[in-house]
Amino acid sequence: MVVLSQPVALDNHISVIPTYKPVPVLTSHSIPVVDLTHPEAKTLIVKACEEFGFFKVVNHGVCPDLMTRLEQEAVGFFALPQSLKNQAGPPEPYGYGSKRIGPNGDVGWIEYILLNANPQLSSAKTSAVFSQSPLIFREAVEEYMKEVKEVSCKVLEMITEGLGIEPRDSLSKMVRDEKSDSCLRLNHYPTAEEEAEKMVKLGFGEHTDPQIISVLRSNNTSGLQICMKDGSWVAVPPDHSSFFINVGDALQVMTNGRFKSVKHKVLADTRKSRVSMIYFGGPTLSQKITPLPSLVPKQEDWLYKEFTWSQYKSSAYKSKLGDYRLGLFERQPLLTHRSNV
């Protein structure tokens, strides 16, 4: 997870934000859609994780009114005067931030709120987020995180069933743990001014998500793109009624590379602002991240070194947004030497 070092008004230093030509929606690639009530959902999810690292879920069971209510509360916060929003920042790591993404020079046409999924771990910065409508906003956040946590756990349990892993909660128990390091991020991408030759601003640069799983919901504004195996970028059509699931770096390790953490980015729209709500399901800080024994019985077959979530989170924070963070944790193959004859 990357955070801002200090809040910056979006109309300052515009020149540092790169611009990109928009990528058309590629009809040759069909983004998987999984109905969570379908009897073969677990098989379809595993296939989607292997081929894309990304898929859309429908019939997820989360009330549309709840999603709309949280979006409205987020929009209300982002519409506040900058001076009021700054009272909730800079994030430490939770709270409000804008423009700067992480401590290493990455920037984007974005402002956001980052909140801990554990309401008991509140702080002055997160309390300031709710100060304008404390009861309504906080209740919407807590109810939404509770519901989306269940979606993430349901998907993870379908993954273990689809992979033939026992017990069924091998993955979901990491997210259900009361000390799990999960969080909710509310992103706002303001309308980007029209640029020369119809170039648009980069809202959030290409990256992978470090956690186990990410559950994304956005309004009906385009901008999200994912990277395919061949390196091409596919624009994802927005759908405010559905969730989009990302395989995270930790899940890539736990499946020993069978699932790939999908690289994705967001471009700011020139006509409409975009609001997205992402639940990041993570383990406890002390959780050891290794390939699952039922998938990789022999340790010599591991593609990755053992590490704790705390170690990986710290390493990810020190990296640039687009860095391949798992590279530091890959095991080097044993070299065999042949004597010259």
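In the predicted model, tyrosine 312 and phenylalanine 329 are both buried. The two residues form an aromatic pair of the edge-to-face kind, with 5.2 Å centre to centre and 65 degrees between the planes. Distant parts of the chain are linked by this pair, since tyrosine 312 belongs to helix H8 (residues 309-317) and phenylalanine 329 to the segment after H8, 17 residues apart. Ring pairs also bring Phe307 and Trp309 together with Tyr312 and Phe329 in a cluster.

In total, eight aromatic pairs occur in the structure. One of them joins phenylalanine 130 and phenylalanine 137, again edge-to-face, at 5.1 Å centre to centre and with 85 degrees between the planes. Both phenylalanine 130 and phenylalanine 137 are buried. Aromatic faces are also approached by lysine side chains. Lysine 201 lies over the face of tryptophan 109, at 4.7 Å from the ring centre, while lysine 265 lies over the face of tryptophan 233, at 4.3 Å from the ring centre.

A search of the whole structure for cavities of 30 Å³ or more returned two. The largest cavity has a volume of about 270 Å³. Its lining comprises 22 residues, of which His207, Asp209, His264, Ile278 and Phe280 are the closest to the centre. Two or more lining residues are contributed by each of strand E6 (183-189), strand E7 (200-207), strand E8 (213-218), strand E12 (264-267) and strand E13 (274-281). Strand E13 gives the most, with four residues. By class, the lining of the largest cavity consists of 11 nonpolar, seven polar and four charged residues.

The second largest cavity has a volume of about 140 Å³. Its lining is formed by Leu115, Asn116, Asn118, Pro119, Leu121, Ser122, Thr126, Phe130, Arg138, Val141, Glu142 and Met145. Strand E5 (106-116) and helix H5 (134-163) are the elements that supply two or more residues to this lining, and H5 provides the largest share, four residues. Six nonpolar, four polar and two charged residues make up the lining of the second largest cavity.

Helix H1 (residues 41-51) contains the buried residues Ala41, Ile45, Val46, Ala48 and Cys49. These residues lie on the same side of H1, because they cover an arc of only 165 degrees around the axis. In general, an α-helix has 3.6 residues a turn, so residues three or four places apart point the same way. After H1 comes glycine 53, which has a positive phi, near 75 degrees.

Proline 90 is located in the loop between helix H3 (82-85) and strand E4 (95-101). With a relative accessible area of 23%, proline 90 is partly exposed; the cut-off for a buried residue is under 20%. Proline 90 and lysine 125 are separated by 35 residues in sequence, yet their C-alpha atoms are 7.8 Å apart in space.

Notes. Residues numbered from 1 in each chain as written. Predicted model: local features only at pLDDT ≥ 70, side-chain atom pairs only at ≥ 80, totals over all residues. Heavy atoms only, no water. Buried < 20%, exposed > 50% of the residue type's maximum accessible area, 1.4 Å probe, protein only. Arc of directions from axis to C-beta. 1 Å grid on protein atoms, 1.4 Å probe; cavity = no way out; pocket = protein on both sides within 12 Å on 5 of 7 lines; lining within 4 Å. Points joined across faces, edges and corners; volume = space filled by probe spheres on them. Nonpolar A, V, L, I, M, F, W, Y, C, P; charged D, E, K, R; others polar. Phe/Tyr/Trp six-rings, centres within 6.5 Å; stacked < 30°, edge-to-face > 60°. Lys NZ or Arg CZ within 6 Å of the ring centre and 35° of its normal.
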